[in-house]
Amino acid sequence: MAKKKFVVGCFDDENVLFPAVKKVRTAGYKIHDVYTPYPVHGLDKALGLRETSLHTAGFIYGITGTTTAISAISWIFTKDWPLNIGGKPHFALPAWVPIMFELTVLFAAVGMVLTFCYLCQLAPFVKKHHFHARATDDLFVMAIECTDKTNVDDLQAFLSNAGAVETNVQVAETGWWLGRYDKDEMPFENKEVATA
Amino acid sequence: MSLLKYESQLREPLVNGNKTYAQVTEDIVRPIEAKPSKLWYIGFYISVALLMFGVYSVYREVTYGIGQWNLNKTIGWGWDITNFVWWVGIGHAGTLISAILLLFRQGWRTGVNRAAEAMTIFAVMCAGQFPIFHMGRVWMAFFVLPYPNSRGPLWVNFNSPLLWDVFAISTYFTVSLLFWYSGLIPDFATVRDRAFTKLRKRLYGIASFGWTGSTKHWQRHESLSLVLAGLSTPLVLSVHTIVSFDFATSVIPGWHTTIFPPYFVAGAIFSGFAMVQSLMVVVRKVFALEDYITIGHIEAMNKVIVLTGSIVGIAYLTELFMGWYSQNKYEGYTFWYSRAYLFSPYGWSYWGMMACNVLSPQIFWFRKMRRNLFVTFFMSVLVNIGMWFERFVIIVTSLYRDYLPSSWSVYYSPTVWEIGFYMGTFGLFFTCFFLFAKYFPTIAIAEIKYVLKTTGESYKADMTAIEKESASDFAHKVHAH
């Protein structure tokens, strides 16, 4: 993967971060990502990220589980080996509800977690570039991707002006980025930035 | 400070002290980085010793057969299934705290959910041992799985509650583990990024799956947590419902009752919270986490205990009433002689259960008692003894005298290997918990940081400022937002 150059600005307060995100984006810079120690609500909107579809995937995994349970059990108990249990019907749907429910939950949970790990490229032994060691502690770390035209010094000054407590330049290989910036979610054109 | 994060200053702070994000990290990660205390070693070695005793007891059972236990012709389920249901019940609090309280937006769950979930997973691990070794020929345990086999294929019975239990417990264990671990990933990253030895950095690097804290990843993480919580909520209710079906679908007097599912679920939450209390009262002291697991947290859990304890109490009384009202002589005999008559062979266990589960938790109607650590700890132990009696009462008093007087059993008391098996699961549980407390962040760091600025003690002043504004100003700001 190609190496890219980033200007990194670190913020220590989410109330400074939100206006800074707005300023940086209005100035036309492309924010690669913001790394935060906890889920900052509204930051995804402020960055113009689209909503995740993970829950839709979860729903699909869930109904796969239900279908697996009902089709497997009904085939086994009506076709493959119909057991006579006190003369009761072979197709005993009410008795299968518990297992159908459990498999729904199991498939949805396992599928979602695997999908989550795949999308975020999370796995043991995965090595990633970390822009700042304190991004998991108490800093909100904004990484801005540089183009040929970017004046690095100007951008650093701009970030300091916007309230960054620390700025630096890093060259990094970032791996794949599956998050998509959504043009429709541009928050600064007609609505206020959500300062959550 | 967003107005949407407004929380009344009348509410007790969830994080005491003047904390910053860095201090939260420091306080919670410190026990991981420090050398364990002497007390930790003593506790850990006692647990391992208990575990070893359990392993030996199980070894005897596997080698010589179920005859090592005192089960007899009518008491086919004795201590083993009692302990199974007891442990599964305890394993309900963690997922309840993290899932149901997440959906109900209860902020106080953040202080206790991590340890409670860990406890859940260890308790379910202990529970699973009992039905597996109860099979006798444990090497054929895989027969419970439905897979195409060379015996026909002879399938498992999908209409049987015992098989539903296999699915319920294994699903519950898997989902709880995934939920717990997905929450641990960001916290492991926090430990990794401040590690000062190479080995620690490497190990926590592996455990944290390369987490960076990217906004997109957090967005997906939030979605994942919410959906897992939504799935776990009915799951946690289904698991003990299905455990109760093991009894309720039978025709044994004392088991054959429709009240069982809600009564078992309430009892499970009751005993689970009691176990969380026993552990939290100790953990907060030993690791100096009093600022995060506050008296407010303890009080909230005590409220759940008095509620669920009373639900269980109503269930007991309803059963007694129905034992009389049905005018079924077998039901009447079980409920009014085998159980409620103090001088019947097992009457002591019924009244032990009543005293521990129904009467004693009523002390928590008093705020002073709810906020007293000694009382809380004492009560939590008492509740778990009571809940063990409950399962013993349900199983043994129904089985020892059934329809045929000629089959009535001799008095059942466990052998040392039965007790040893039970002690062994205590060893397993506490060995795991000691390791967890030493090597894992015992409190969800990221979640505490998330609530810090609304419910931290030093941020409550911001709320006062908001409260001073006039209502119209406040409304205007919220709308502009």
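Helices (DSSP runs of H or I, at least four residues) and strands (runs of E, at least two) are numbered from the N terminus. By this count, chain B has 18 helices and zero strands. The model is predicted; local features need pLDDT of at least 70, side-chain atom pairs count only at pLDDT 80 or more, and totals for chains, interfaces and linings use all residues. Residues are numbered from 1 along each chain as its sequence is written, while chains are lettered from A and ligands numbered from 1 in the order in which they are written.

The C-alpha trace of chain B spans about 80 × 50 × 45 Å along its principal axes. A residue is termed buried if 20 or more other C-beta atoms lie within 10 Å of its own, exposed if 12 or fewer, and partly exposed in between, with C-beta atoms placed from the backbone. Buried residues make up 49% of the 481 residues of chain B. Contacts are pairs of residues whose C-beta atoms, placed from the backbone, lie within 7 Å. Among contacts in chain B between residues at least 6 apart in sequence, 82% join residues at least 24 apart.

Helix α4 of chain B (residues 93-103) is largely enclosed by the rest of the structure, because nine of its eleven residues are buried. The buried set consists of B:A93, B:G94, B:T95, B:L96, B:I97, B:S98, B:A99, B:L101 and B:L102. Their cover includes α3 (79-90), α5 (109-134), α6, α8 and α9 (260-286) of chain B. After α4(B) comes B:R105, with a positive phi near 55 degrees.

Helix α9 of chain B also holds B:V265. B:V265 is buried, with 23 other C-beta atoms within 10 Å. Leaving aside residues up to four places away in sequence, B:V265 touches B:L237, B:H240 and B:T241. B:V239 is 26 residues from B:V265 in sequence, yet the C-alpha to C-alpha distance is 8.4 Å.

Positive phi values also occur in loops of chain B. B:F209 is not a glycine, but its phi is about 60 degrees. This residue is found in the loop between α7 (198-207) and α8. B:F209 counts as buried, with 22 C-beta neighbours inside 10 Å. B:Q327, another residue other than glycine, has a phi near 55 degrees. B:Q327 lies in the loop between α10 (295-325) and α11 (329-339). B:Q327 is exposed, with 8 other C-beta atoms within 10 Å.

Chain A was examined next. Domain bounds, which come from an automatic or database domain assignment, divide chain A into domain 1 (4-51 + 140-185) and domain 2 (54-119). The C-alpha centres of these two domains lie 44 Å apart. Strand β1 of chain A (residues 4-11) is mostly covered, with six of its eight residues buried. Strands are taken to pair if DSSP finds at least two bridges between them. β1(A) pairs with strand β4 (residues 166-172) in the antiparallel sense over seven bridges. Within this pairing, A:V8 has A:N168 as its bridge partner. β1(A) also pairs with strand β3 (residues 140-145), again in the antiparallel sense, over six bridges. Here A:F11 is bridged to A:F140.

Confidence is given by pLDDT, the predictor's score for each residue from 0 to 100. Chain A averages 84, and 88% of its residues score at least 70. Over residues 187-196 of chain A, pLDDT stays under 50; the model has 23 contacts beyond four places in sequence for this stretch.

The contact between the chains takes 55 residues from chain A and 52 residues from chain B. On the side of chain B that touches chain A, α1 (21-33), α6 (161-193), α8 (215-248) and α16 (445-455) each supply at least two residues. The most come from α8(B), with 16 residues. By class, this side has 27 nonpolar, 19 polar and six charged residues. Nonpolar here covers Ala, Val, Leu, Ile, Met, Phe, Trp, Tyr, Cys and Pro; charged covers Asp, Glu, Lys and Arg; the others, Gly among them, are polar.

Definitions and conventions
Two residues are in contact if their C-beta atoms, placed from the backbone, lie within 7 Å.
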